[in-house]
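Please open the model in your viewer and keep the selection tool at hand.

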Amino acid sequence: MTFLRMYDTFPVEIERARGVYVFDKEGQKYLDTFAGIGVMSLGHSDPGLLETLKAKMDRYMHVSNFFLDEDTLVVSQKLVNFTGKNGTVYFTNSGTEATEAALKAVKKRATAKRTKIVYFENSFHGRTLGSLSINGFKNLREPFEPLIPNTVELKFNDLSELDNFFESFGEETLAVFVEPILGSGGVVPITPEFAKAIEKYKKQYNFILVCDEIQAGLGRTGKIFAYQHYGLSPDIITVAKSLGGGLPLGATIFLENISQAFEKGEHGSTFAPNPVALAGARYVLEKVPALVEDVTKKGEYIIQSLSCKSLSKIKEIRGKGLMIGIELKESEPHLISNALDIGLLLNIVKGKVVRLLPALNISYTEIEEMINKLEVILD
Ligand SMILES: Cc1ncc(COP(=O)(O)O)c(C=O)c1O
């Protein structure tokens with residue numbers, strides 16, 4: 001095969017996808033529990049979204065950054081408004097590029113004394129060489145080392161390691177990158193104590209706090225940004241995944257005194273931001289705020305319903321809103337194919353955590369169907 005396989009693909013040939021369902025070429029219907037890894041937050045083929053994308057495409061698809069598309073201003077203003085602060089937005093084509101832009105802005109602010117960039121074990125910020133330097137997955141990072149210098153990995157939610165680090169290196173800390181809820185790392189929310197400690201050290205040492213909201217952001221957890229649950233005050237926020245409504249689009253949001261992140265020409269991209277993806281983002285960002293309250297309730301309902309069933313294979317269920325991790329007692333090598341057999345698309349991270357990232361507008365009937373199917377394979 002000439003295609004370089006980087007993923008284990010499902011033995012399913014997709015014909016079409018609508019809402020929370022994916023249909024294969026044989027007419028089989030599957031309930032999608034992870035929405036294209038958190039990308040299709042309004043479900044597949046949302047009619048209003050399709051209309052918006054087509055309307056932009058009918059006008060033009062790409063014109064280069066020598067022209068300012070009208071949606072650039074609308075989308076960036078919306079993203080900044082969600083933070084309640086002043087800021088600017090740099091658009092990218094992906095999450096890893098949003099991390100790269102954050103890293104470049106951070107590195108530009110390094111001084112002879114202040115050089116250390118902290119990240120946490122099991123956090124995932126991307127796979128390009130810069131973002132890989134702060135990727136908390138050792139197996140992904142190590143084959144490509146040495147990467148950028150002065151990065152420091154600390155254990156997530158380990159207060160004493162954090163205290164020890166800042167006691168010794170507080171003055172040397174340039175930035176801290178944190179995913180408020182580890183996504184690929186197994187759906188692990190930051191503890192309130194850990195978030196509070198990060199904030200305390202931020203006040204004390206004045207480092208740049210970067211919140212990676214690429215997976216947890218844009219309504220997924222029941223707030224527009226996951227950091228808003230934990231009282232974190234980021235200077236830089238990265239988003240991607242669901243932003244473009246299924247088209248590649250990411251953004252790095254620079255707040256307050258980092259707003260002038262780059263001078264003209266210091267960073268750029270041929271493709272980003274794509275005008276059609278921006279039209280998608282405008283539509284997504286108009287729709288999502290009305291969904292967040294229900295996202296919280298639906299998430300609580302799913303966790304409660306599954307917990308009540310005391311399913312034999314489950315060790316723990318955790319998460320916020322519609323970002324839920326079901327940790328199994330042990331890895332179940334046949335779980336994904338067992339799920340396919342009963343019409344369920346499953347995603348597993350860290351070997352034994354079923355990661356639920358369904359469309360934010362999933363209905364309660366669809367939730368019931370998902371829970372019933374999970375019960376069949378997890379008991
Ligand atoms: C939290 C987080 N950050 C960054 C990335 C990288 O995004 P992308 O795959 O779009 O480069 C991901 C992707 O899964 C992610 O979940």
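**The whole chain**

Begin with the entire protein chain of this predicted model. Among its contacts with a separation of 6 or more, 74% are between residues 24 or more positions apart. Along the principal axes, the C-alpha atoms fill a box of roughly 60 × 55 × 45 Å. The radius of gyration is 21 Å, which agrees with the value near 21 Å that a compact globule of 379 residues would have. Of the 379 residues, 46% are buried. A cartoon display shows 12 helices and 17 strands.

**The two domains**

Next, colour residues 14-46 together with 290-378 as domain 1, and residues 50-289 as domain 2. The centres of the two domains, taken over C-alpha atoms, are separated by 26 Å. Now select the boundary: 28 residues of domain 1 are in contact with 26 residues of domain 2. On the domain 1 side, at least two residues each come from α10 (292-308), β13 (314-320), β14 (323-328) and β17 (353-356). That side of domain 1 consists of 14 nonpolar, eight polar and six charged residues.

**Strand β17 and its partners**

Remain with β17, one of the elements on the domain 1 side of the boundary. Show its side chains: Val353 and Arg355 point one way, Val354 and Leu356 point the other way, and all are buried. In a regular strand, side chains alternate between the two faces of the sheet.

Three residues lie between the strands of the β16 and β17 hairpin, where lysine 350 takes a positive phi near 50°.

**The four-stranded open sheet**

Move to the open sheet whose four strands follow the order β1-β2-β3-β15, with mixed pairing. Its edge strands, β1 (14-18) and β15 (344-345), each pair on one side only. Select strand β3 (residues 29-32) beside β15: the two pair in the parallel sense over two bridges. At this pairing, aspartate 32 stands opposite leucine 345 of β15.

**The ligand shell**

Centre the view on the ligand. Which residues are closest to the ligand? Among the 14 residues that surround the ligand, the closest are Ser94, Gly95, Thr96, Ile214 and Gln215. Colouring the shell by class gives three nonpolar, nine polar and two charged residues. Helix α4 (residues 95-108) contributes the most to the shell, with three residues.

**Threonine 115**

Finally, go to the loop between α4 and β5 (116-120), where threonine 115 is found. Is threonine 115 buried, partly exposed or exposed? Threonine 115 counts as partly exposed because it has 16 C-beta neighbours inside 10 Å, whereas a buried residue would need 20 or more. Not counting residues up to four places away in sequence, threonine 115 touches Ala110, Asn150, Glu172 and Leu174. To end the tour, draw a distance from threonine 115 to glutamate 172: the C-alpha atoms are 5.9 Å apart in space, although the residues are 57 apart in sequence.

Note on methods. Residues are numbered from 1 along each chain as its sequence is written. This is a predicted model: local features need pLDDT of at least 70, side-chain atom pairs count only at pLDDT 80 or more; totals for chains, interfaces and linings use all residues. A residue is near a molecule or strand if its C-beta atom, placed from the backbone, lies within 6 Å of it. Ala, Val, Leu, Ile, Met, Phe, Trp, Tyr, Cys and Pro count as nonpolar, Asp, Glu, Lys and Arg as charged, and the others, Gly among them, as polar. Domain bounds come from an automatic or database domain assignment. Two residues are in contact if their C-beta atoms, placed from the backbone, lie within 7 Å. Two strands pair if DSSP finds at least two bridges between them. The radius of gyration is taken over C-alpha atoms; the globule rule is 2.2 Å times the number of residues to the power 0.38. A residue is buried if 20 or more other C-beta atoms lie within 10 Å of its own, exposed if 12 or fewer, and partly exposed in between; C-beta atoms are placed from the backbone.
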